[in-house]
Amino acid sequence: MSVPQTLAAPLLSVRGLRKSFGKSVVLTDLDLDVPEHTCTVLIGASGSGKSTLLRCLNLLEVVDDGVVELDGQDIADPRVDANAIRSKVGIVFQAFNLFPHLSVLDNVMLAPRRVHRVRRQQAESDAVAMLERVGLSDKARARPDELSGGQQQRVAIARALVNRPRLMLFDEVTSALDPELVGEVLTLIRELKSDGMTMVVATHEMGFAREVADQVCFLDGGRVLEQGPPAQIFGAPQEPRTRQFLARIVAAGRL
Amino acid sequence: MTPEPSGAAQPGSAADVIKAIPLRRPGRWIAAFVILVLVVLFIYGAATNANFQWSTYRSYLFDRRITKGVWATLQLTFLAMALGVVLGVALAVMRLSANPVLKSVAWAYLWVFRGTPVYVQLVFWGLFSSIYPHLSLGIPFAHQFAHFDIQSLQAFFFFAALGLGLNEAAYMAEIVRAGISSVGEGQSEAATALGMSWPLTMRRVVLPQAMRVIIPPTGNELISMLKTTSLVIAVPFTGDLYSQARQISGANFRPVPLLMVASTWYLAITSVLMVGQYFLEKHYAKGSSRTMTARQLRVLAKAIGNPDRGGDGA
């Protein structure tokens, strides 16, 4: 493998991705390129395949067919070590999924300690630094259920970031939050973006998408129907389906 | 109770304090009195009935054979329970695994051990030595590391514990399975996404959370196991509490006081276990529910500064 080519190639490159659950086809012939240090936002109606795509990128779902190259390595190949790939790709879920029986600090420390075999002292100082990064160092000893939804989601982001992933996936991370708590999570994602983190974000927050995205992908029927810079997708969408979707969003007062 | 002017016939008396008289319940008083009389009569009758032979009861309550039997019963209970828990967790994990061989083996195990009486199983274990007279540990058809003679008295104790433990495993497997299923899918998903392997996910994320559901019924199983040890005579192991009591009464022809001795010991041990279970359940119920108890509601009402609504209505 030639090094210059890897440098030139995007960090993540998806070709002909297909995924179905039984008879229902969720993703068909999906292509996507994500250059390093950029933010790709996925928009589309519920059931358009946004979540499934993110779960495929993290190997939480077994891909039926296609090539998913991360850093030049085909991770959709069944021979790869899925757990090693997963620690290169962080994911944050809609429902936070913090471990309720562990303190906030232990939530963040669990993977470094048990998966990456980092020494306790090192893992603890890393975790504390990461909690400081998300503005929650004072909550290190708290249990997840003592935190607000926004704080829980920030802990979930810290838990993913502490493994130093190459790529971060955000799966509708503000959809389960009370409206007044959405801001703090979006601010954190904005900061990550300016730190140069490569990320793929599925969201219904169109204002945020327009502001933070380098490219916007409109998913429809299991494929990327239209993609481009936010100004183009939101300002002058080409596809009738995209226009229809955005018109509905505007009617709902969310753009 | 604060009276409300709810548009009733007497608007003038709305501000008067009503003297509350509890509802009279004569039926309860009569029933309680009748039951109490019957209980007193029974205790008086039992104490004065010579057939209970209380002097024999007293002289055997702390007899060495009895206390040794208590010790053997406790050993059997805890050994069988330990085997049941370990094997039960393994079976539960097998049943939930994606491997069809592991799944069906676990299912077949549960089918056999839950589908036959434990007494019959214990008789089978007693006949084990007549089915397989010698037991060797080693590589099949090649080298032998160890050789066991399984016709000794020690073997009957071993088979009693084994038989009870293997039977218990089938029941524990279902309890553990319910516990694992009670932990949300998102939990194992989040752990997997962090790069944790399946065994690590189980040990660090799923099982600790499943404990809340697993612990209370396991306490019940332990208490039940203590009483089930009285069946080990089927093996036949005769060192346990009930067998010892039977042996003594077989010699002195006084079964009634000796059954009372055995019952007293069983009751004493289960009482201790029940107290332990009460505290364990209280501990594991913590944080499991977001609804407030009546006490918490009262505290809350007081804090808000509305003491007269501190009752159950808040």
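Among contacts in chain B between residues at least 6 apart in sequence, what percentage join residues at least 24 apart? With contact defined as heavy atoms within 4.5 Å, the share is 71% in chain B. The structure is a predicted model, in which local features need pLDDT of at least 70 and side-chain atom pairs count only at pLDDT 80 or more, while totals for chains, interfaces and linings use all residues. Residues are numbered from 1 along each chain as its sequence is written, chains are lettered from A and ligands numbered from 1 in the order in which they are written, and side-chain values use heavy atoms, with hydrogens and water left out.

The model scores ipTM 0.89 and pTM 0.76. For chain B, the mean pLDDT (the predictor's confidence in each residue, from 0 to 100) is 85, and 82% of the residues of this chain reach 70 or more. Within chain B, helix H4 (residues 100-115) has the highest confidence, at 96, and helix H12 (residues 294-304) the lowest, at a mean of 64. Over residues 1-9 of chain B the pLDDT is below 50, and this stretch has 4 contacts in the model beyond near neighbours in sequence. Residues 306-314 of chain B also stay under 50, with 6 contacts beyond four places in sequence. Where pLDDT is low, the predicted coordinates should not be read in detail.

Chain B comprises 12 helices and 2 strands. Helices (H or I, at least four residues) and strands (E, at least two) are DSSP runs, numbered from the N terminus. The order of these elements along the sequence of chain B is α-α-α-α-α-α-β-β-α-α-α-α-α-α. Of the 314 residues in chain B, 33% are buried, where buried means under 20% relative accessible area, exposed over 50%, and partly exposed in between (1.4 Å probe, protein chains only).

Helix H2 of chain B (residues 54-61) has B:Thr56, B:Tyr57, B:Tyr60 and B:Leu61 as buried residues. Viewed down the axis of H2(B), the buried residues fall within an arc of 130°, so they line one face of the helix; the arc is that of the directions from the helix axis to the C-beta atoms. The cover over the buried residues of H2(B) includes helix H3 (64-96), helix H10 (241-252) and helix H11 (255-284) of chain B. In the loop between helix H9 (198-228) and H10 of chain B lies B:Pro236, which is joined to B:Val235 by a cis peptide bond with omega of about 15°.

In chain A, an open sheet of 4 strands has the order E2-E1-E4-E5, with antiparallel pairing; two strands pair if DSSP finds at least two bridges between them. Strand E2 (24-34) and strand E5 (73-74) of chain A are the edge strands, each pairing on one side only. Strand E4 (residues 65-70) of chain A is joined to E5(A) by 2 bridges in the antiparallel sense, and A:Leu70 has A:Gln73 in E5(A) as its bridge partner. Helix H2 (residues 50-57) of chain A packs on this sheet, touching strand E1 (12-21), E2 and E4 of chain A, and its direction makes about 115° with that of E1(A). Axes are lines fitted to C-alpha atoms, for helices over the stretch in contact, and angles run from 0 to 180 degrees between N-to-C directions.

A:Asp65, in strand E4 of chain A, is partly exposed at a relative accessible area of 40%. Apart from neighbours within four places in sequence, A:Asp65 is in contact with A:Gly16, A:Leu17 and A:Arg18. The loop between E4 and E5 of chain A holds A:Asp71, a residue other than glycine with a positive phi near 55°. A:Asp71 is partly exposed, at 28% relative accessibility. A positive phi, of about 60°, also occurs at A:Phe96, which is not a glycine. A:Phe96 is placed in the loop between strand E6 (89-92) and helix H4 (104-114) of chain A and is buried, with a relative accessible area of 12%.

Strand E9 (residues 215-220) and strand E10 (residues 223-228) of chain A run antiparallel and are joined by 5 bridges. The two strands form a hairpin with 2 residues between them, and A:Gly221 in the turn has a positive phi of about 60°. A:Asp220 stands opposite A:Arg223 in E10(A).
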